[in-house]
Amino acid sequence: MLLIDERRKLIFEELVTEGTVYVSKLAKQYDVTYETIRKDLTYLEQKGLLIKSHGGATLKQGAIENPFHVREKENISYKKAIAKKALELIPAGSSMIVGTGSSTLELANLLSLRSGFKIFTDSLPVASVLLQSDNQVFLFGGELRKKSSSVFGGWAVSMIQDVKVDMCFLGTDGFSNLSGPSTPSSSDAFVDKTIIAHAEKKYILGDHTKFQRSSLFKICDWAEITALITNPAADAEGVSRVALQTSVLFSE
């Protein structure tokens with residue numbers, strides 16, 4: 001039988017992936033009583049991670065910055081489609097910065113099957129995916145940041161300032177409360193601001209759920225971005241607000 005902390009961690013990871021969990025299903029899955037699961041959900045609610053509902057719980061959006069290995073499991077089919085759309089925008093022989101994030105990692109997976117690009121990144125997972133590709137790949141240096149599996153700090157920023165690329169692709173957290181793409185980390189926001197300043201074209205990858213989520217730190221105004229790439233399920237009103245400042249491109 002799992003330890004309490006381990007079970008609660010797994011329950012939360014499932015909640016992040018699915019958006020909703022149910023007491024009956026979890027009790028059967030972990031071979032414990034309904035009351036045990038209810039106590040687990042109460043504990044996670046007290047931590048500000050979820051909202052209990054009748055028979056289960058829903059994820060409390062914007063409550064915390066989830067670790068990268070958790071975020072990369074969210075809405076994976078939408079992220080793959082968005083990455084495919086982004087790939088269509090990249091001419092042969094382009095130079096680019098692929099930033100940290102789960103959507104940008106899906107783009108890296110597609111780029112790993114291509115060749116002839118110069119790709120810079122602050123993301124360890126992106127660099128790892130591209131390592132065996134036939135592209136020229138550069139990993140910025142800096143202090144390692146566990147939550148985003150990336151590098152940050154003055155060293156990273158200094159290296160970014162030494163390049164000027166054709167385009168960049170960045171992820172975003174929820175931005176329902178902000179007038180531009182966002183991140184839950186001030187250090188990531190600073191790195192992303194620098195990346196945007198050193199790319200000719202700037203693309204943000206964000207699935208439709210980001211229109212309903214709130215976040216902490218705005219990276220830039222939408223007007224500074226070439227286009228937001230999202231999926232057709234995005235909220236029409238939210239899309240209209242963004243479209244007042246920049247282009248919005250939809251995946252299939």
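Glutamate 35 has a relative accessible area of 43% and is therefore partly exposed, a class that runs between buried (under 20%) and exposed (over 50%), computed with a 1.4 Å probe and protein chains only. The model is predicted, so local features need pLDDT of at least 70 and side-chain atom pairs count only at pLDDT 80 or more, while totals for chains, interfaces and linings use all residues. Residues are numbered from 1 along each chain as its sequence is written, and side-chain values use heavy atoms, with hydrogens and water left out.

**Salt bridges**

Side chains of opposite charge can pair when their charged atoms come close. A salt bridge here is a side-chain nitrogen of Lys or Arg within 4 Å of a carboxyl oxygen of Asp or Glu. By this rule there are 9 salt bridges. The table gives some of them, including the pair that involves glutamate 35.

| Pair | N to O distance |
|---|---|
| Arginine 38 and glutamate 35 | 3.8 Å |
| Arginine 7 and aspartate 40 | 2.6 Å |
| Lysine 25 and glutamate 14 | 2.9 Å |

Arginine 38 and glutamate 35 both lie in helix 3, 3 residues apart, about one turn of the helix. Helices are DSSP runs (H or I, at least four residues) and strands likewise (E, at least two), numbered from the N terminus. Arginine 38 is partly exposed because its relative accessibility is 37%. Salt bridges that share partners join Arg7, Arg8 and Asp40 into one network.

Arginine 7 forms a salt bridge with aspartate 40. Arginine 7 sits in helix 1 (residues 4-18) and aspartate 40 in helix 3 (residues 34-46), so this pair ties together parts 33 residues apart in sequence. Arginine 7 and aspartate 40 are both buried.

Lysine 25 and glutamate 14 also meet in a salt bridge. Lysine 25 belongs to helix 2 (residues 23-30) and glutamate 14 to helix 1, so the pair ties together parts that are 11 residues apart in sequence. Lysine 25 counts as partly exposed at 44% relative accessibility, whereas glutamate 14, at 16%, counts as buried.

Valine 137 lies in strand 6 (residues 134-139) and is partly exposed, with a relative accessible area of 29%. Leaving aside neighbours within four places in sequence, valine 137 is in contact with Ile119 and Leu130, where contact means heavy atoms within 4.5 Å. Serine 95 is 42 residues from valine 137 in sequence, and their C-alpha atoms are 9.9 Å apart.

Leucine 144 is in strand 7 (residues 143-145) and counts as exposed at 59% relative accessibility. Together with Leu124 and Leu139, Leu144 forms a nonpolar patch on the surface, with about 270 Å² of accessible area in total. Patches are made of residues with over 30% relative accessible area and no salt bridge; like charges are joined within 9 Å and nonpolar side chains (Val, Leu, Ile, Met, Phe, Trp, Tyr) within 5 Å. Areas come from the Shrake-Rupley method with a 1.4 Å probe, and for residues only the protein chains shown count as cover.

**The whole chain**

The protein chain has 10 helices and 14 strands. It is divided into domain 1 (4-59) and domain 2 (68-250), with bounds from an automatic or database domain assignment. The domain centres, taken over C-alpha atoms, are 31 Å apart. The C-alpha trace spans about 60 × 40 × 35 Å along its principal axes. Buried residues make up 50% of the 252 residues.
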